[in-house]
Amino acid sequence: MSSDKKQQAVQVDREVRQLIRQIDTTWLTVGRLCARCKSEQLYLEIGFKRFDDWLREAVGWSRSRAYVAMSAARELVPIRDADLSRMTMQNAYILSRVSRSKQGALVEAAQTQTEQAFRQTVEATVPGLHLEPNFHVEFWVPRSLAEVIERCVDKAKVLNQTDSRTDAI
């Protein structure tokens, strides 16, 4: 490969990585706005009967991804926004699972490490946290069954005193 071609490749690689990083850091704003829309039931004002219906159409993220963003934004309130905006959503979510007393010491690692490396750092710093990787599973069910599942999840949220689907189940 010629020197000029290699420089072009390095430049393109750098630009792509910067753009992806920018996309990855919008999670904080999206998470907070989604949480506000849900808590104030703003979705009703624009014709949606359910928050999840608005979420699917407006945000375009999976429900679980949106709830991860909402949860991380809520649980990491003590950390400055400038610091949070330099983390990926997944690293922020992992950090939110750590006790608040230990979060501050892990902020820099959350900003600079890949998810896999950060997961290892957290497990070494907070033994016994059991951060298993999540796997996305999707399947189709009839609407009536989906409604039954949603009611069960809502009851689990009440019983477990949480707004998070993941924490409820």
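Is Lys49 buried or exposed? Please go on from there to the packing of helix H4 with helix H2 and helix H6.

Reply: The model is predicted, so local features need pLDDT of at least 70 and side-chain atom pairs count only at pLDDT 80 or more, while totals for chains, interfaces and linings use all residues. Residues are numbered from 1 along each chain as its sequence is written, and side-chain values use heavy atoms, with hydrogens and water left out.

Lys49 is exposed, with a relative accessible area of 76%. Buried means under 20% relative accessible area, exposed over 50%, and partly exposed in between, for a 1.4 Å probe and protein chains only. Lys49 lies in the loop between H2 and helix H3 (51-58). Helices here are DSSP runs (H or I, at least four residues), as are strands (E, at least two), numbered from the N terminus. Leaving aside neighbours within four places in sequence, Lys49 is in contact (heavy atoms within 4.5 Å) with Tyr43 and Leu44. The C-alpha atoms of Lys49 and Gln161 are separated by 23 Å, and these residues are 112 apart along the chain.

Now to the helices. Two packed helices are described by the angle between their axes and the distance between the axes. Axes are lines fitted to C-alpha atoms, for helices over the stretch in contact, and angles run from 0 to 180 degrees between N-to-C directions. H2 (residues 27-39) packs against H4 (residues 63-75) at about 95°, with the axes 8 Å apart. H2 is therefore roughly perpendicular to H4; angles under 35 degrees count as roughly parallel, over 145 as roughly antiparallel, 65 to 115 as roughly perpendicular and the rest as oblique. H2 contributes Trp27, Leu28, Gly31, Arg32, Cys34, Ala35 and Lys38 to the contact, and H4 contributes Tyr67, Ala69, Met70, Ala72 and Ala73. The residues of this contact divide into 9 nonpolar, 1 polar and 2 charged. Ala, Val, Leu, Ile, Met, Phe, Trp, Tyr, Cys and Pro count as nonpolar, Asp, Glu, Lys and Arg as charged, and the others, Gly among them, as polar.

H4 also meets H6 (residues 89-96): their axes come within 9 Å and cross at roughly 55°. H4 and H6 are therefore oblique to each other. The contact joins Arg65, Val68, Ala69, Ser71, Ala72 and Glu75 of H4 to Met89, Ala92, Tyr93 and Ser96 of H6. By class, the contact of H4 with H6 has 6 nonpolar, 2 polar and 2 charged residues.
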